Amino acid sequence: MTSLIGKGSKLYSIIKAKCPACHEGEMFNDPNPYHLKTLADMPSHCSVCDQVYEPEPNFYYGAMYVSYAYTVAISVAIYVIAAVFLGVGMWETIIVLGVILFGFSPVLFRISRSTWLNIFVHFKPKAQR
Ligand SMILES: [Zn+2]
C-alpha cells in the first residue's frame, strides 16, 4: 500500500509534477511555474523511465476541462469560506476570488496538465518496468 501523498500515489505525481509512471522524472523543464515563458515547456519523454508525455497530438486540450473543474471547486470553496463563514460581501468575495485565481493560475495550469496525464498513465513500480 502507498500513502495518500507519498511516492506511488497519484497526488504525489500531480502536486510534485513528476512523471505519472515512475514518479521520478520531471514533467516540466523549468520547475518554477512563475517563469511564464517556460510555463508549458515539457520534455517529450520522461528522462527516467521513457514514458511519453504527449500520448497523442493536442493531448493537453483535455487539461482545460480539468482546469475548469479545479477552478469551480476553488471558487465554491472560497465563496463558502468568505461569504458564509466570514460574512464577506459578494463583491469583496468576487474580487478576492479573482486575485487568488489569477495569482494561482500558473500553478493551476501545471496541476491540470499533470492531473490529466495521471488520468491516463498509472504508476508502474520499478519491478514492472
Ligand atoms: Zn518516468
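User: Which residues of H3 are buried?
Analyst: In H3, the buried ones are Arg-110, Ser-112, Arg-113, Ser-114, Thr-115, Trp-116, Leu-117 and Asn-118. Buried here is 20 or more other C-beta atoms within 10 Å of a residue's own, exposed is 12 or fewer, and partly exposed is in between, with C-beta atoms placed from the backbone. Helices are DSSP runs of H or I with at least four residues, strands are E runs of at least two, and numbering starts at the N terminus.

User: Before I go on, what kind of model is this?
Analyst: This is a predicted model, where local features need pLDDT of at least 70, side-chain atom pairs count only at pLDDT 80 or more, and totals for chains, interfaces and linings use all residues. Residues are numbered from 1 along each chain as its sequence is written.

User: OK, what covers the buried residues of H3?
Analyst: The cover includes helix H1 (10-16) and H2. A contact means two C-beta atoms, placed from the backbone, within 7 Å.

User: How do H2 and H3 pack?
Analyst: H2 (residues 63-85) and H3 (residues 90-120) pack at an angle of about 145°, and their axes are 8 Å apart. Those axes are lines fitted to C-alpha atoms, for helices over the stretch in contact, with angles from 0 to 180 degrees between N-to-C directions.

User: Left-handed or right-handed crossing?
Analyst: H2 crosses H3 in the right-handed sense. The rule: left-handed if the near helix is turned anticlockwise from the far one by less than a right angle, right-handed if clockwise.

User: What residues make up the contact of H2 with H3?
Analyst: That contact divides into 17 nonpolar, six polar and one charged. Nonpolar is Ala, Val, Leu, Ile, Met, Phe, Trp, Tyr, Cys and Pro, charged is Asp, Glu, Lys and Arg, and the others, Gly among them, are polar.

User: Where does H3 bend?
Analyst: At Ser-105, by about 60°, and a proline, Pro-106, follows within four residues. The bend is the angle between axes fitted to the seven residues ending at a residue and the seven starting there.

User: How does the span of H3 compare with a straight helix?
Analyst: H3 spans only 39 Å between its end C-alpha atoms, while a straight helix of 31 residues would span 45 Å at 1.5 Å a residue. The expected span is 1.5 Å times one less than the number of residues.

User: And what about H2?
Analyst: H2 agrees with expectation: its 23 residues should span 33 Å, and its end C-alpha atoms are 32 Å apart. Just after H2, Gly-87 has a positive phi of about 70°.

User: Switching topic, is Tyr-53 buried or exposed?
Analyst: Tyr-53 is buried, because 21 other C-beta atoms lie within 10 Å. Tyr-53 sits in the loop between H1 and H2.

User: What does Tyr-53 touch?
Analyst: Leaving out residues up to four places away in sequence, Tyr-53 touches Met-27, Met-42, Pro-43, Ser-44, His-45, Cys-46 and Leu-117.

User: Where is Pro-125, and why does it count as exposed?
Analyst: Pro-125 is in the segment after H3. Pro-125 counts as exposed because 11 other C-beta atoms lie within 10 Å. Its C-alpha atom is 48 Å from that of Gly-87, 38 residues apart along the chain.

User: How far apart are Ser-9 and His-122?
Analyst: They are 9.4 Å apart, C-alpha to C-alpha, and 113 residues apart in sequence. Ser-9 is in the segment before H1.

User: Last one: how many helices and strands are there?
Analyst: The protein has three helices and zero strands.
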